[in-house]
Structures are given as structure tokens and as C-alpha cells.
Amino acid sequence: MTLHHLFYPRGVTLVGSVAEGKVGFELLRQMLRGGYRDVFVVNPKAQGALGVPGYASIGAIPAPVDLAVICSPATTVAGVLEECGAAGVKAAVVISSGFSEMGNRAGEAEIKAIAARHGIRLVGPNCAGIINTAHRLCPTMETLPPPGHVSLISQSGALAGIVLGWAARDGLGIAKFVSYGNRADVNEVDLLEYLADDDETRVIGVYIETVSDGRRFMAATAKCTARKPLIVIKAGRGQSGQRATLSHTGSLAGSDAVYDAALRQCGAIRVESAEELFDLCRGFVGLPQGVRGRRVAIVTNSGGPSILAADRAEAVGLDVAEPGPEIRAKLATFLPPHAALKNPIDLTVEGTERGYREALLALLAEAEDKAKVEAEAKLNLSLNLSLNLNLNLSFDALLAINIAPPYLDSVPLARGICDAAAATGKPVVASFLPEAVTADAVAYLHAHGVLNFPTPERAVAVLARMAAYTEARNWKLEARSSSASSNQLPASSFQQPATSFQLPVLEPDAMAWLRDNGIATPPFRFATTADEAVAGCAEIGFPVVMKVVSPDILHKSERGGVIVGIGDEAAARAAFETIRQRAAGADFRGVIIYPLVRGAQEVLVGLSRDPQFGPVIAFGLGGIYTEVLRDVALRVAPVDRAEADAMIRSLRAYPILAGARGQRPCDLDALAELLVRVSELPFRYPEIAEVDLNPVFAGPKGAVAGDVRVIIR
């Protein structure tokens with residue numbers, strides 16, 4: 001069912017008391033303040049307010065009504081919704097609390113069922129309302145923002161209220177806002193699907209605590225990010241945050257690491273604070289050309305703040321490169337002799353309108369022969385030479401800092417910055433401080449389309465996140481264009497192999513199963529007696545590795561059930577007897593024998609199931625890299641080849657796999673293919689709960705599973 005009537009109703013009825021001091025009175029005042037006029041009040045006393053007539057029932061309203069805003073007590077909401085259904089109301093926003101957040105799940109289930117029976121789309125209960133500035137509709141208690149192109153979705157009305165307050169203060173235009181509270185009906189998926197197609201929305205900001213359906217959420221997120229930036233705060237990272245989420249929403253918090261992976265897979269930008277979400281929304285709206293590279297120049301009139309900004313810029317991945325000799329020579333023609341020209345460009349307190357304007361123009365001008373510059377850059381990189389001293393590259397973005405003494409007028413400096421930004425068309429942001437001294441200059445910047453940030457550090461953080469967004473988007477488009485597979489393949493797209501397995505899944509059976517599913521394994525033999533073990537070792541070829549096979553022994557090494565480097569038949573017979581004795585008391589089935597693998601990098605690949613997102617695949621290096629550094633990449637399965645490549649490259653230890661310091665690189669193509677095939681297993685075999693391949697031996701040619709453990713649901 002569409003959400004059109006929620007955002008564009010022909011008429012709105014406010015149900016509840018509108019006596020002064022009541023929530024209904026404030027909601028009515030907000031709607032009138034926002035400019036909406038087709039509003040009617042309903043309550044048992046037929047009491048109106050603020051010039052709006054009151055009626056005793058919705059059916060008595062002499063005009064079409066599509067939306068009901070309900071703020072009556074929780075015990076009355078079910079009856080109100082029945083009345084809405086009889087009157088043909090299409091949507092309802094239930095501000096009233098007292099439902100699942102207070103343990104009243106039965107009451108919430110009742111109003112959900114009533115709304116569904118009458119075809120009413122229901123927002124809430126326990127929410128802070130909605131806004132649609134294009135329709136002058138604002139039934140909410142939150143601050144009214146100016147109209148614009150950012151839409152906000154939030155489970156928390158209070159969190160959204162903070163962002164809306166900042167938007168009103170700093171002039172960030174809002175298109176739509178929804179606080180959806182307990183999401184008895186309308187949830188984050190419905191809203192994302194709607195906003196993806198909404199022409200008035202160019203950027204979406206989301207605050208979520210949980211999602212109702214992980215896979216549908218991913219599909220809706222991917223639909224949004226294919227068309228516009230999506231910035232997400234996911235609350236509940238730690239144990240205490242998850243407990244708070246549980247008590248606030250009455251639903252399961254879920255695994256934060258999996259949320260992180262799902263958001264990254266779908267192209268969303270995850271942030272950690274309302275401040276960061278607000279800054280990025282401003283960035284994407286205020287810099288519609290985007291940030292296409294990481295080279296940033298800083299022009300300032302004060303040393304200390306610019307040094308802090310440069311430190312922060314490098315920490316978040318920007319390149320605060322020194323200008324090339326031609327740019328420095330040009331700067332020297334109009335800047336004072338004592339100005340610093342190495343980036344940050346410090347004009348000192350004597351910085352002028354012309355100084356800012358001309359410095360920005362020089363730094364942002366395109367290189368005269370871009371192909372020549374890029375060729376020289378590649379040459380210097382191959383020779384391991386410094387680029388900063390030899391190239392005349394222009395910069396991708398610029399931060400202008402002005403720390404103003406109270407006796408100087410900052411408006412001329414703002415004018416110079418705005419002139420240069422308009423002339424180059426490249427991203428220019430500013431940080432004018434302190435606020436009390438630079439208010440007029442900040443107003444000038446705002447009027448001429450240059451973003452001003454409260455601190456230089458926040459400004460460079462936005463440039464860095466926007467540059468990373470551009471890189472990720474370009475890489476994903478490039479990778480997808482060369483990959484025929486889809487990131488979210490349905491289970492029906494996989495054919496069931498002929499072989500199957502049953503509990504318990506022993507290692508020889510599991511290895512054969514991997515092989516049948518296109519996952520490379522080393523040659524192996526299963527032996528139940530010492531004579532079979534000797535023969536198996538000889539067939540594999542010494543030296544070999546022998547491991548215990550028992551459904552009772554999951555961690556073989558801890559039980560002494562792994563013997564490495566067996567070099568002859570006598571050692572093979574002795575190894576079998578040793579393992580058999582160490583397995584005393586367990587259900588000993590025999591041993592499995594592999595060739596001894598040398599010169600390969602050990603990695604791990606794992607599958608598990610998340611309660612909200614389903615099958616999840618993990619990849620990382622073995623040993624201390626996993627246990628100590630926690631350097632593991634997660635994705636929601638299945639993954640295609642492009643996403644598998646991204647998993648591998650996202651590891652901090654990726655240089656080891658790629659062949660750091662002259663080491664032989666691993667076969668990354670084989671690793672990516674293995675990840676793809678493993679990620680498909682739970683869709684071929686729905687009974688799988690976990691699969692653990694540890695280690696996987698990644699060599700210069702190929703990657704094979706060296707051990708496997710399968711757990712069935």
C-alpha cells in the first residue's frame with residue numbers, strides 16, 4: 001500500500017484533547033505554524049482551538065480526510081482507528097505511547113490488526129510525528145526546519161529532534177521527516193523504498209536501533225544508494241547500548257558487526273553520531289558536485305588551527321600534499337614574503353580578500369597538461385620518489401580557515417572565498433571562528449553557497465567521507481559492470497548437488513562435500529586402521545599430516561589429535577596409534593591424511609547465521625591476526641565476485657596477501673572464487689547452521705581448504 005496519503009493528505013484530523021498545555025494543542029499549533037490549513041479536531045467534547053473547529057467524531061467532518069494524527073490515551077486508540085476505517089481515512093500517525101515500549105504488546109498487536117483490516121498505513125505508535133515541507137505538513141512536536149532536499153527517518157524522535165533543531169539553526173533544508181517509533185506497521189523498509197523514488201529527496205539520513213527484516217532492509221538500502229546518498233546511525237554497538245535498545249524498542253538488537261557489513265555492502269555510509277550525520281547531510285547537499293579525490297589544500301590566516309586541521313585530515317585519509325613548484329611560484333607573486341606556502345598555506349593575520357581569492361584559484365586550477373602530470377605521478381611512484389616536490393597537481397577540495405580577531409571585518413575574506421569557489425566549481429568549505437565575531441561573514445558564505453563548519457576538523461572529516469563515498473561508488477559501478485552475478489541471489493538460483501550429508505558431519509565426508517560443491521581441497525585419505533593409514537600416507541606421498549576423526553572432538557589440536565610432518569611408513573603407523581590413544585573415551589572413527597602444505601598463507605573462511613540477516617560469511621587471516629587484531633571481514637551471504645574482492649582488500653593485513661616486501665602474492669582470484677562458492681552453501685543446503693574452513697591454504701596458485709567443520713541446524 002502506498003504512503004502517498006501519509007505525506008500528501010487532502011485533509012488531516014487531529015484526534016485528542018486540544019486544551020492548552022496538552023500535546024494535541026501543541027501539535028495543532030505546529031500544523032498551523034507550518035501553513036497547513038485543511039485540519040480538523042476530533043474529541044468527545046467536540047472542542048476546537050486556535051480557530052480550528054472541533055467535532056465529536058471523524059465521520060462528522062464535512063470534508064475528505066486522508067490522515068489522522070492520534071494523541072488520545074492508548075486505551076482509546078483502537079476505537080479511534082475503527083472510526084478512521086469507517087470514515088475512509090488512509091493513514092494514521094499515532095503519537096500516543098503506552099504500547100510495546102511499556103510491555104503492552106497485545107495493545108499494539110490490536111491496533112496493527114485494525115489498521116491492516118481497514119487498509120490504513122500506520123506510523124507509530126510512540127512516535128514524534130512527520131513532516132513534509134513541500135505540502136506544508138508538520139504534525140510533530142519537533143522544531144520546524146526550512147524546506148529543502150534532506151529527508152530524515154528515525155526510530156528515536158528525540159534524536160531526530162536534535163538534527164531538526166540544527167537544521168533550523170544552520171539553514172539545512174528538510175524535505176521529509178518521519179519518526180516511526182514502535183513501527184507497528186510502517187517501518188524503515190517502507191520509508192526507504194518510498195524515499196528512493198521521491199524526487200524532493202536528494203539525501204537521506206537514518207537513525208535505527210533495529211530493523212524488522214534484515215534482507216528487505218538491505219534491498220531497500222541498495223535501492224536508495226543506487227540513486228542518492230544514504231547516511232545511517234545504527235545505535236547499540238556495545239553491550240550497554242544493546243541493552244538500552246532492547247528496553248527502548250522492545251525488540252532484538254542484533255549483531256553490530258553484521259549491521260556494519262550489511263550497510264557497507266549496500267553502499268550506505270555509517271556514522272557514529274548525530275553531529276556526523278548532520279555534517280554529512282550538509283556536505284552532500286551543499287557540495288552537489290561531490291568530492292572526487294583526496295588531495296586537499298588548507299588556506300588559513302592562523303597557524304595552530306590549520307595544523308590541527310592538517311593532522312585530522314591525514315588521520316581521516318586525506319592527502320595534505322605540498323603544492324608543486326609552479327603553484328608555489330604563482331602563490332609567491334601575490335602573497336607576503338612571510339606567508340607559508342607548503343600546505344597549509346598560511347596567509348597570516350594579514351590575509352586579505354585578494355589573498356584568499358587568488359590562493360584558492362591557484363590551488364584549485366586544473367593542471368595544464370593533466371595526462372603529462374598523471375604519467376609523471378606514476379613514474380615517481382614506481383621509483384618510490386616523493387610526489388609533493390615534483391608535481392604540479394591541482395587540489396580536489398579546499399578548506400578556508402579564518403580565525404578572526406574582533407577588530408577585523410571578515411566579510412571581505414568570505415567574499416574572496418566565495419568568488420573563487422564560484423569560479424572553479426570545485427568543493428570549497430570554510431571554518432570561520434569565533435562565531436560571535438564572524439556572524440556576518442558566515443551569513444555571507446551561506447548566502448553564496450559555501451558551507452561553513454563549526455571547526456576545521458569537522459570540515460575535513462566531511463571532505464574525507466565524501467571522497468571515500470565517491471571512490472566506493474565508482475569502484476562498485478566498475479566492479480558490477482564486469483560481474484554478471486547479483487549481490488543478493490535467491491536460493492532458487494542454486495541447483496542442489498547430488499550428494500548430501502547427514503549428522504554427524506565428519507571431516508572426510510565434509511571434505512568430499514566441499515569438493516562436490518566446487519571448493520578446492522587437498523588430496524586426502526580416510527583410514528580406520530593402522531594398515532589403512534600407512535597405505536593412505538604412501539598414496540598421498542610423504543611428508544603428510546594426520547588428524548583424528550571423531551564426532552566428539554571438534555578442537556583436534558587441543559586433544560593432541562593432529563600430527564604434522566610424518567615422513568615414512570613407520571612414523572605413519574606410530575602416529576595412528578598415538579592419535580587413537582589420545583582419543584580414548586571419545587567415539588574414534590579413524591584418521592584423515594593430507595599432504596603437508598608449505599609456503600602458503602593460512603586464512604580462515606566461515607559461515608554463520610545472524611538472527612536478522614540470515615547467512616553471513618567471514619574472511620580473515622589465521623592465527624593472531626584473527627584472535628588478537630580481530631582483522632576479519634564480514635558480508636551478508638551470498639556475495640558475488642566483486643564483493644568477495646572487496647572483502648579481501650578490506651583487511652588491514654591485505655598487503656600480506658598481496659605480496660608485501662617482495663613476498664610471493666597469494667592467488668587472490670582463487671580466494672575470491674572460494675569465498676563466492678562458500679557463501680552460496682547455505683542457500684543450497686538450508687539445514688546448515690555454520691561452516692568453518694580453518695585453515696584455508698592460499699598459495700601463489702590456488703587456494704584449498706585445509707580443514708572443515710560443519711554444524712547442522
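Colleague: Which residue lies over the face of Phe7?
Modeller: This is a predicted model, where local features need pLDDT of at least 70, side-chain atom pairs count only at pLDDT 80 or more, and totals for chains, interfaces and linings use all residues. Residues are numbered from 1 along each chain as its sequence is written, and side-chain values use heavy atoms, with hydrogens and water left out. A charge sits over a ring if NZ of Lys or CZ of Arg is within 6 Å of the ring centre and within 35 degrees of the ring normal. At 5.9 Å from the ring centre of Phe7 lies Lys176.

Colleague: How far from the ring centre of Phe395 is the charged end of Arg295?
Modeller: The charged end of Arg295 sits over that ring. Its distance from the centre is 4.6 Å.

Colleague: How many aromatic pairs are there?
Modeller: Rings of Phe, Tyr and Trp (its six-membered ring) pair if their centres lie within 6.5 Å; planes under 30 degrees apart count as stacked, over 60 as edge-to-face and the rest as tilted. By this rule, the count of aromatic pairs is eight.

Colleague: What is the angle between the planes of Trp513 and Tyr685?
Modeller: The two rings form an edge-to-face pair, 5.3 Å centre to centre. Their planes stand apart by 70°.

Colleague: How many residues apart are Trp513 and Tyr685?
Modeller: Helices (H or I, at least four residues) and strands (E, at least two) are DSSP runs, numbered from the N terminus. Trp513 is in helix H18 (residues 507–516), and Tyr685 is in the loop between helix H24 (668–684) and strand E26 (688–698). The pair links distant parts of the chain, and the separation in residues is 172.

Colleague: Is Tyr685 buried or exposed?
Modeller: Buried means under 20% relative accessible area, exposed over 50%, partly exposed in between (1.4 Å probe, protein chains only). Tyr685 has a relative accessible area of 0%, so it is buried.

Colleague: Which residue of strand E22 (residues 590–595) pairs with Phe524?
Modeller: Phe524 is in the loop between H18 and strand E19 (525–527). The pair is tilted, at 6.3 Å and 55°. The partner in E22, 70 residues apart from Phe524, is Tyr594.

Colleague: Which residue's backbone nitrogen does a side-chain oxygen of Asp640 reach at the start of H22?
Modeller: A polar contact is a pair of N or O atoms within 3.5 Å; within protein, one must be able to donate a hydrogen and the other to accept it, and residues adjacent in sequence count only if both atoms are side-chain atoms. The Asp640 oxygen comes to within 3.2 Å of the backbone nitrogen of Ala642.
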